[in-house]
Amino acid sequence: MQDAPPSDAPPSETRPTHVDLAHSFAESGVAEVLAELDRQLVGLAPVKARIRETAALLLVDQARRKLGLATETPTLHMSFTGNPGTGKTTVALKMAALLHRLGYVRKGHLVTVTRDDLVGQYIGHTAPKTKEVLKKAMGGVLFIDEAYYLYRPENERDYGQEAIEILLQVMENNRDDLVVILAGYADRMDRFFASNPGFRSRIAHHIEFPDYSDDELLVIAEGMLSTQNYAFDDPARAAMAQYITARRDQPHFANARSIRNALDRARLRQANRLFHEAKGPLDAAALSTLTAPDIRASRVFQGGLDVDRANRQAAAG
C-alpha cells in the first residue's frame with residue numbers, strides 16, 4: 001500500500017487547538033506590504049480590496065494547516081485586466097512580496113515577460129526559450145504582459161501554442177513553487193480564455209484594474225514630480241488638470257504612463273525655458289518649479305504644436 005503524502009501540519013499530539021489570526025497577520029509582515037501598496041499607488045480601491053482578501057485567504061489557509069484542516073495549497077495563479085498604466089506590474093511586484101512573506105513562494109521575485117520572451121521563430125526554438133523563463137521564475141511570480149498574444153490562431157505556423165502547453169503543464173505541476181499572472185486588456189483576455197480553457201481552469205483570481213480618475217491622475221503627477229524634487233506652481237497645476245482632461249480623449253491614452261511621459265516633456269520645456277530666459281544665477285526653486293507655459297506648450301492644447309515647433313527652432317538658433 002502506498003504511503004500517504006507528508007503533511008505540512010504538525011503531528012496531532014502537538015497540534016494547537018486555536019489560532020490567533022491577528023497575531024499571525026502581525027508576524028507575517030503582510031501589513032508592511034499592504035502599506036507600501038497604499039503609498040505607491042493612488043486609488044485602485046477595488047484592486048487593493050482584492051489583494052487584502054487574498055492575504056486573508058492565505059492567512060486562514062495557514063491557520064487551517066496548523067490545525068490539520070488544510071490538505072493542499074490554494075490555487076494562486078491570477079489574471080490582471082485593465083488598460084495600460086493602471087498599476088498592474090506594480091501590484092504584481094507587491095503580490096510577489098506578499099506571497100513570499102507568507103511562505104507561498106521561496107524567493108518572492110518577479111519575472112516580467114511578453115510573447116517575444118517565450119515564443120521562438122523557428123521549430124525547436126520555443127520550448128527552450130519558455131523553459132528558460134520558467135526556470136528563472138521558479139520560486140517567485142511570472143508576469144506575462146499582453147498574454148493574449150501567445151495565441152495567434154490566424155497563423156497556422158505560429159509556435160505560441162507550444163509555449164501555452166508548456167505553461168499549462170508547469171502551472172499545474174509546479175503550483176507550489178510558481179505563481180503565474182496573466183495581464184492585458186479585459187476584452188482580449190476574455191477571448192484568450194475562451195480559446196484556451198486550460199488557462200481559465202487554472203486561474204483562480206481575476207482582478208480588474210479600473211482607469212484612474214482625473215483627480216487621481218493629478219495626484220499621481222504631483223507624486224511623480226515630488227520623487228524628482230520638482231513641483232507645479234499654482235497655474236501649472238491648473239494647466240495640468242486641464243491637460244489630463246484633454247489628453248484622456250485622445251488616442252493611445254495610457255493612464256499613469258501617459259502622465260509620466262507628459263511630465264518628462266514638460267521638464268524638457270522647463271529646461272529650455274530656463275536656458276534661454278535666465279538673466280542670472282538660478283536658485284533651487286526656479287530649477288525645481290514647472291510653470292503653466294511648460295504644460296500648455298503641449299500639442300494637446302490648441303496651438304500647442306506651433307509653440308513646440310517655435311521652441312525647437314529657438315533652441316536650434
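How much space lies in the second largest cavity? In this predicted model, about 40 Å³ of space lies there, and you can find the place by selecting Val19, Leu21, Ser24, Leu59, Gln62, Ala63 and Lys66, which line the second largest cavity. Two elements, α1 (21-28) and α3 (45-66), each give two or more residues to this lining, and the largest share, four residues, comes from α3. By class, the lining of the second largest cavity has four nonpolar, two polar and one charged residues.

Next, select Met240, Tyr243, Ala262, Arg265, Ala266, Arg269, Asp294, Ile295 and Ser298, the residues that line the largest cavity, in which about 50 Å³ of space lies. The elements α11 (234-248), α12 and α14 (292-296) each supply at least two residues of this lining, with α12 giving the most, four residues. Sorted by class, the lining of the largest cavity has five nonpolar, one polar and three charged residues.

For the open pocket, centre the view on Gly85, Gly87, Thr90, Ala256 and Arg257, which, of the 28 residues that line the largest pocket, are the closest to its centre. About 690 Å³ of space lies in the largest pocket. To show the elements around it, select α2 (30-40), α4 (88-101), β3 (141-145), α10 (214-227) and α12 (256-277), which give two or more residues to the lining of the largest pocket; α10 gives the most, with five residues.

Finally, select helix α6 (residues 126-137), whose 12 residues reach 17 Å from the first C-alpha to the last, close to the 16 Å expected at 1.5 Å a residue. Within α6, highlight Thr126, Ala127, Thr130, Val133, Leu134 and Ala137, which are buried. Looking down the axis of α6, you will see these buried residues fall within an arc of 135°, so they line one face of the helix. Which elements cover the buried residues of α6? Among them are β2 (110-113), α5 (115-118), β3 and α7 (160-173). Now turn the view to the face of α6 directed away from its buried side, where Lys131, Lys135 and Lys136 are exposed. Following the chain onward, stop at Gly139, which follows α6 and has a positive phi, near 85°.

Key. Residues are numbered from 1 along each chain as its sequence is written. This is a predicted model: local features need pLDDT of at least 70, side-chain atom pairs count only at pLDDT 80 or more; totals for chains, interfaces and linings use all residues. Side-chain values use heavy atoms; hydrogens and water are left out. On a 1 Å grid over the protein atoms alone, a cavity is a set of points where a 1.4 Å probe fits but cannot get out, and a pocket is an open set with protein on both sides within 12 Å along at least five of seven lines; lining residues have an atom within 4 Å of a point. Grid points are joined across faces, edges and corners, and a volume is the space filled by probe spheres set on the points. The expected span of a helix is 1.5 Å times one less than its number of residues. Buried means under 20% relative accessible area, exposed over 50%, partly exposed in between (1.4 Å probe, protein chains only). The arc is that of the directions from the helix axis to the C-beta atoms. Contact means heavy atoms within 4.5 Å. Ala, Val, Leu, Ile, Met, Phe, Trp, Tyr, Cys and Pro count as nonpolar, Asp, Glu, Lys and Arg as charged, and the others, Gly among them, as polar.
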